[in-house]
Amino acid sequence: MSAQLTHLPADCTVDDVLDVSERDGGVIVHGLFSPVLVARFNAELEPLLDAHGGTNSGSDASDDFLGRKTRRLQGLAAKAPSFVEILLEPRFVNVAESILEPVSPQVIMNNGEVIDIGPGEAAQPLHRDDDAWNFARPTGPMIVNTITALVDITPELGGTQVVPGSHRWDSDRMPDESEIVACTMTAGSALIFRGDTIHAGGANTTTDSRRRALSTGYCCGWLRPVENSYTNIPVDVIRMLPRRAQELLGYQLYDASSVGGGYLGYHDMGDPMQLLT
Ligand SMILES: O=C(O)CCC(=O)C(=O)O
């Protein structure tokens with residue numbers, strides 16, 4: 001039998017997500033976000049995606065990985081305010097806090113990134129998100145990532161490819177075809193997976209349809225995140241956000257003193273939250 005991912009209902013608990021993630025490395029929550037929220041967020045994104053200038057990160061290797069027919073957007077708290085409701089979803093934040101707690105007492109946002117895969121885009125190389133920090137070797141994953149479908153997503157449209165159980169594998173083992181699941185998700189559903197789970201953006205084999213999804217990642221508070229929120233989001237926008245969003249965007253002193261660690265992220269030798277009040 002080919003590999004499968006478990007689908008949980010929208011009213012599942014944080015513990016339900018944790019149980020399946022522990023076993024499989026990833027799980028889909030069906031209909032997690034309401035059609036109203038998804039429609040509002042999409043309306044905010046539409047003009048931004050229309051004005052998108054194409055993949056141009058400044059590095060050929062990075063552009064190949066990001067996908068040259070894929071439009072990506074970051075800085076979403078400033079550009080598309082509905083993003084903040086998704087960022088604060090407890091099945092995202094609390095799951096990430098629980099999974100990362102053994103290696104980090106606090107989490108921050110790693111990225112809030114629209115990934116809009118265009119027709120004809122090839123599949124990404126299979127990878128683990130943890131490999132972004134290849135020199136670090138903690139005892140558990142360093143990130144929990146989520147992919148929220150903003151349209152109905154099928155394997156043909158570029159549904160995320162996931163390898164259930166690969167979080168337990170040796171780092172050099174790669175899957176055969178039968179071990180890869182290409183996700184099917186209705187708009188508003190979300191894939192939640194650990195940073196040690198092998199996955200990739202899928203190929204969009206259609207000729208005229210785009211795969212629009214949102215990646216919202218949460219990483220250890222002691223890491224340099226993939227997205228630079230300090231430059232992407234003006235501090236005047238940060239001031240208007242709920243406190244938990246401010247913390248996740250880095251405006252909280254990282255304090256690992258209770259587990260023998262130190263303090264990171266001072267603003268002028270104080271808690272960066274002081275800047276906001
Ligand atoms: O778009 C997706 O489904 C996954 C994207 C991904 O894994 C990445 O960009 O690193």
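Me: Before we start, what makes a residue buried, partly exposed or exposed here?
Reply: A residue is buried if 20 or more other C-beta atoms lie within 10 Å of its own, exposed if 12 or fewer, and partly exposed in between, with C-beta atoms placed from the backbone. On that basis, buried residues make up 41% of the 277 residues in the chain.

Me: And what kind of model is this?
Reply: This is a predicted model, where local features need pLDDT of at least 70, side-chain atom pairs count only at pLDDT 80 or more, and totals for chains, interfaces and linings use all residues. Residues are numbered from 1 along each chain as its sequence is written.

Me: How many helices and strands are in the chain?
Reply: Nine helices and 12 strands. Helices (H or I, at least four residues) and strands (E, at least two) are DSSP runs, numbered from the N terminus.

Me: What about the overall dimensions?
Reply: The C-alpha trace spans about 55 × 40 × 40 Å along its principal axes. The radius of gyration is 18 Å, close to the 19 Å from the globule rule for 277 residues, so the chain is as compact as a globular protein of that length. That radius is taken over C-alpha atoms, and the rule is 2.2 Å times the number of residues to the power 0.38.

Me: Which way does strand 4 pair with strand 10?
Reply: Strand 4 (residues 107-117) pairs with strand 10 in the antiparallel sense, over 10 bridges. V107 stands opposite C220 in strand 10. Strand 3 also pairs antiparallel with strand 4, over four bridges, and there R71 faces D116 of strand 4.

Me: How many residues of strand 4 are buried?
Reply: 11 of its 11, so to speak a mostly covered strand.

Me: And the three-stranded sheet, what's its order?
Reply: That open sheet goes 7-6-9, with antiparallel pairing. Strand 7 (181-182) and strand 9 are the edge strands with a single partner each, so one side of each is left without a neighbour in the sheet. Two bridges join strand 6 (residues 161-162) to strand 9, and Q161 stands opposite A200 in strand 9.

Me: Switching to the ligand: which residues surround it?
Reply: I115, Q124, I147, T160, H199, A200, G201, A213 and S215. A residue is near a molecule if its C-beta atom, placed from the backbone, lies within 6 Å of it. Strand 9 (199-200) and strand 10 (211-220) each supply at least two residues of that shell.

Me: How does the shell split by class?
Reply: Four nonpolar, five polar and no charged residues. Ala, Val, Leu, Ile, Met, Phe, Trp, Tyr, Cys and Pro count as nonpolar, Asp, Glu, Lys and Arg as charged, and the others, Gly among them, as polar.

Me: Last one, helix 6. What do its buried residues pack against?
Reply: Helix 1 (14-24), strand 2 (26-29), strand 4, strand 5 (143-149), strand 8 (190-194) and strand 10. The buried residues of helix 6 (residues 90-100) include F92 and I99.

Me: Why does I99 count as buried?
Reply: Because I99 has 25 C-beta neighbours inside 10 Å. I99 touches S21, P141, V144 and R194, leaving out residues up to four places away in sequence; contact means C-beta atoms, placed from the backbone, within 7 Å.

How values were computed. Pairing = 2+ DSSP bridges. Contact = placed C-beta atoms within 7 Å.
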